[in-house]
Amino acid sequence: MSHLLSVGALSWQVDKKSILNDISFDLTSGDIVGIIGPNGAGKTSLLKCLLNQHKNWQGEITLNHKPLKQHKPHELAQIFALVGQNSPPIFDLKVYDVVRMGLLPYKALFASDNHRDKADIIQALEKVGLADCKNQFFNTLSGGEQQRVLIAKALVQKAKILVLDEPTNHLDIFYQHQILQLVKALNITVIMTIHDLNLAAHYCNRLLLLDHGNLISNNSVDKVLNPETLTQVFGLPCYRDDDQQNHVPRVYFSPMPATQQVELHNQKQGEHS
Amino acid sequence: MINLKAIKGKNGWIFACLIIVTLVSIVISMTVGPAKISYGDIFQCVVNTCNSPMQDMVIWQIRIPRVLVGLVAGMGLACAGAILQNVTRNPLADPYLFGIISGAGLGATIAILILPNQQTLALPLAAFLGALFSVVIVFGIATLLRNMNHLLLTGVAVSFMLGSISHFILYLGDPFATNRVIFWLMGSLTRVEMFHFYLIAAMVVITLLTIFALHRQIDALLLGDESAESLGVNVNKLRLILLALCAAVTATIVAYCGGIGFVGLMIPHIVRQLVGVTTMPLIIGSALVGGCFLVWVDVLARSALDNVEIPIGIITSAIGSIFFLAIMYRTRKTG
């Protein structure tokens, strides 16, 4: 099967400090891949290297059979659509205007919107269930609704790969599932960073486990969510108790006394310094 | 080219009204001033010949240049303010915060002291060079700091630095020169000519065309740099082009009209309430409202007091400060 995205021996350093080390994986059309790992593992840095927002990375990234660095910025924007941690707009942007930004990679200088563009915007808003909110201000929507608007923007962008950076941050449980159900129903290739391992288990078909910039595991959800590995990476005792009803792996961590946590933390730091 | 369908609908009606108000303002403002001139006299002068050489001089050499320069200067300042606020994501951004006015002030001070007899040419040129000098320093420092978000703070610092140099030179120099510089810094359209209109209008047209070309990229910045980059925008390059453009248009206006503050800060805030925050309607609206505003401020400047003209910058600053207090009051009530 041909790979949409192929990453080989990717490394990235900042001021001689290694942030990503020798990362290799492939992304096939239709994959929903979750990048998991503790804070500072390099999850968002990996996404930024893929988007070519971090420039001085080493290794090989091939996108659509062409090296990443040979893609022009607007070509990259036609392949990747980012739903990230946006800065809140300072002015009253309407929902329609936010979704309309997705047209940018296809438009020449001076170009304005045609009837088809407008139809695409409305259709994207319908897909995320927000067609009635098109004239509302983006700032006045709830966190979950804002994420759905940004997904509609990504749909207008007609990208092949949807890149989500912590899509469920600051959302309550209902909205967390709503956003990820929506993403899954879109039937496009997705790569996302996500903190909640059980949500990742529910919605992803493959996981990349990162720790201190190293790729610890790249496999199916069942294999990556291994309690021993997770105990090692997250520094807390991990147990697995699969969801029998949905046939999905489920893990939970038990807290340990503070003194023990400090010891384990120091031990982990020692291993990586 | 530019498709006007983008601005139809509710905004279309607003723009149609603004264009009519602007055209009417131009005509009415030409009749107001110390010399009595009627609509009939203006019509006669424009389509045929004037009734008297005196009227010819007043209309063609004073009123028309003054109204037209007021119009394009207002357009340029308002557009520069609107773009700066969008690209720096700072609602308080104003072209003068780059230190343009203090740079121009320093240039004017040096010109008045060194070439006291060549002021028709030397003063605006020196003011323009001073303004550009200040912008280059501000850009240079922000580039060294590798943070374009510090541009406005750098502008404030450079503004104080250049201001203190001007004040030191004036303190040691001739009191007459001090008066001239202070009067010039207050802003005035008294000495403008048609040549100035052509020059400022050309800068405003270049600015508008560039903004129309890049309107989608500028819109993308409204959701932050990372979002814009993911849409294929080269954020640093775009910001540099637009900031340089705003600096050039403001420096040209300052060189001939002196310091006219608050237009770039105030007008875009009003226009956003009328037509929204996206670049195309915001810029067209800001150009029309800004132009119209300055034409009427100049009418006030030349007709409010008998035999004395009020410097235009005093009026814009007075209106601007009241406007800001009003915004603060409104925010307190709603927020």
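Q: In the hairpin of β1(A) and β2(A), which residue takes a positive phi?
A: The model is predicted: local features need pLDDT of at least 70, side-chain atom pairs count only at pLDDT 80 or more, and totals for chains, interfaces and linings use all residues. Residues are numbered from 1 along each chain as its sequence is written; chains are lettered from A and ligands numbered from 1, in the order in which they are written. The hairpin has 2 residues between its strands. With phi near 50°, the residue is A:Asp15.

Q: How many bridges join β1 to β2 in chain A?
A: Strands (E, at least two residues) and helices (H or I, at least four) are DSSP runs, numbered from the N terminus. Two strands pair if DSSP finds at least two bridges between them. One bridge sets A:Trp12 against A:Leu20 in β2(A). Strands β1 (residues 3–14) and β2 (residues 17–28) of chain A run antiparallel, and the bridges joining them number 8.

Q: Which element of chain A has the lowest mean pLDDT?
A: pLDDT is the predictor's confidence in each residue, from 0 to 100. Chain A has a mean of 90, and 95% of its residues reach 70 or more. Strand β3 (residues 32–36) of chain A has the highest mean, 97. The lowest, 68, belongs to helix α10 (residues 258–272) of chain A.

Q: How many residues of chain B are in contact with chain A?
A: Contact means C-beta atoms, placed from the backbone, within 7 Å. Chain A brings 27 residues to the contact, and the number from chain B is 27.

Q: Does α3(B) run roughly parallel or roughly antiparallel to α11(B)?
A: Axes are lines fitted to C-alpha atoms, for helices over the stretch in contact, with angles from 0 to 180 degrees between N-to-C directions. Angles under 35 degrees count as roughly parallel, over 145 as roughly antiparallel, 65 to 115 as roughly perpendicular and the rest as oblique. The axes of α3 (residues 53–88) and α11 (residues 235–257) of chain B come within 9 Å and cross at roughly 150°. Therefore α3(B) and α11(B) are roughly antiparallel.

Q: How many charged residues are in the contact of α3(B) with α11(B)?
A: Among the residues that meet are B:Leu77 in α3(B) and B:Arg239 in α11(B). Asp, Glu, Lys and Arg count as charged; Ala, Val, Leu, Ile, Met, Phe, Trp, Tyr, Cys and Pro as nonpolar; the others, Gly among them, as polar. The contact has 13 nonpolar and 2 polar residues, and its charged count is 1.

Definitions and conventions
Contact = placed C-beta atoms within 7 Å.
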